[in-house]
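Visitor: I'm new to this one. Could you show me how to read it, feature by feature?

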Amino acid sequence: MQFKPAVTVLVTAVALASLLSGCSKKEEAAAAPPPPQVGVVTLKTQAYTLTTELPGRTTAFRVAEVRPQVNGIILKRLFTEGADVKAGQQLYQIDPSIYQANLDSAKATYQSANSLAGRYKQLINEQAVSRQEYDTAVGSAREAQAAVQTAEINVRYTKVYAPISGRIGRSSVTEGALVSSAQADAMATIQQLDPIYVDVTQSSVDMLKLRRELESGQLQKAGDNAAKVKLVLEDGSVYPVDGKLEFSEVSVDQTTGSVTLRAVFQNPDHTLLPGMFVHARLQAGVAANAILVPQQGITRDLKGTPTALIVNQDNKVETRTLVANRTIGSDWLVEKGLNAGDRVITEGLQYVKPGAQVKVAEATNVKAANPAPAPATDPAAGSKGE
């Protein structure tokens, strides 16, 4: 009986320890933070027309620099700067006085030499002149005839004609100016603007891809070895006339690894002018089940590989490695790694990591956020609305 107080003390201590342990667990449970909330976008498949845009500049279809063929003083300028001219239209008149005088002299010399050759022809039959004298007279007559032709050409060159049809620029010479056949500067430049070229630059790798797409029928064809192409102007408007992009006669720049492709566009209103910066847009087929993911949901790892964090059916975070090589507006076109119904985190990425339990809400940092449905047993349940 003398040990009862000790037993009572022991029982009391055990009960007190159990009570303290229970309180500690309740405090720990009360102190545990709730799962973080993230904003997600539920992916859906959609049909999308794949396009490729290539930067480039417009170039005149043909360019002709007008230069004098003879020396002389400009008497007249016969065109309006900035106007359209036709091939064969006279542009300048150079003083023909000295060349006309040379032509008259050459004609007189030819007439005299030709007459002498004619007389010698009669006399040689009578052996009144030697054969050598006759041959010399004939040769002199032919030289005189060639001199006449040269003089006629020089007189014709005093009239400067347009070599091609097109739009002529400003004149570098005026009436009274002295021009020379050996001068380096052009008197004026004519550019043919209809049709017009658009030279676009592309890497050799992408060029090979475009060629394969053309051969497989993905690119819209505009002829043999040519793809149909639209043009986007500097102000963002689309040029109303389609052109064709040629894939022939290209060479690779050894320093940059790029190639220059040439597209041809009709330009009847002369809307396109040489030197304009434009974008050539090619239709590269239609993706029937495209997956578009907002750029806020795509990050890259240390190797540069695109990745995304998704919320699985248990509301836990997972990492997906993606194949995404093309942006479409504010979205990435994902080729591999994501499916319809996946919930991609676009908001609150900094607060979570793979394996974390999260609370899901609709994302508010994207323009067209899709509601985040409750986890479904069927992974494809998120795409039933399509």
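Below, we take a sheet, a helix pair, a salt bridge and the backbone in turn.

Guide: Before we start: this is a predicted model, where local features need pLDDT of at least 70 and side-chain atom pairs count only at pLDDT 80 or more, while totals for chains, interfaces and linings use all residues. Residues are numbered from 1 along each chain as its sequence is written, and side-chain values use heavy atoms, leaving out hydrogens and water.

Visitor: What is the order of the strands in the open sheet of 4 strands?

Guide: Some terms to begin with: helices (H or I, at least four residues) and strands (E, at least two) are DSSP runs, numbered from the N terminus. Two strands pair if DSSP finds at least two bridges between them. Here the order is E6-E5-E3-E8, with antiparallel pairing. Strands E6 (159-161) and E8 (178-179) are the edges, each pairing on one side only. Helix H3 (residues 131-157) packs on this sheet, touching E6 and strand E5 (90-94); contact means heavy atoms within 4.5 Å.

Visitor: How many bridges join strand E3 to E8?

Guide: There are 2 bridges between E3 (residues 72-77) and E8, and the two strands run antiparallel. Look for Gly72, which stands opposite Val179 in E8.

Visitor: At what angle do the axes of helix H2 and H3 cross?

Guide: Axes are lines fitted to C-alpha atoms, for helices over the stretch in contact, and angles run from 0 to 180 degrees between N-to-C directions. For H2 (residues 97-125) and H3, the axes cross at roughly 160° and come within 8 Å. The two helices are therefore roughly antiparallel to each other, a label for angles over 145 degrees. Sorted by class, their contact has 18 nonpolar, 7 polar and 5 charged residues; Ala, Val, Leu, Ile, Met, Phe, Trp, Tyr, Cys and Pro count as nonpolar, Asp, Glu, Lys and Arg as charged, and the others, Gly among them, as polar.

Visitor: Which residue forms a salt bridge with Glu53?

Guide: Side chains of opposite charge can pair when their charged atoms come close. The cut-off is a side-chain nitrogen of Lys or Arg within 4 Å of a carboxyl oxygen of Asp or Glu. Glu53's partner is Arg281, with the closest N and O atoms 2.7 Å apart. This pair links distant parts of the chain, 228 residues apart: Glu53 is in strand E2 (residues 45-66) and Arg281 in strand E14 (residues 277-294). The structure holds 8 salt bridges.

Visitor: Where is the peptide bond that is cis?

Guide: Most residues other than glycine have a negative phi, and most peptide bonds are trans. The bond from Asp194 to Pro195 is cis, with omega near 0°, and Pro195 lies in strand E9 (residues 188-203). As for phi, His270 has a positive value, near 60°, and lies in the loop between strand E13 (258-265) and E14.

Note on methods
Angles under 35 degrees count as roughly parallel, over 145 as roughly antiparallel, 65 to 115 as roughly perpendicular and the rest as oblique.
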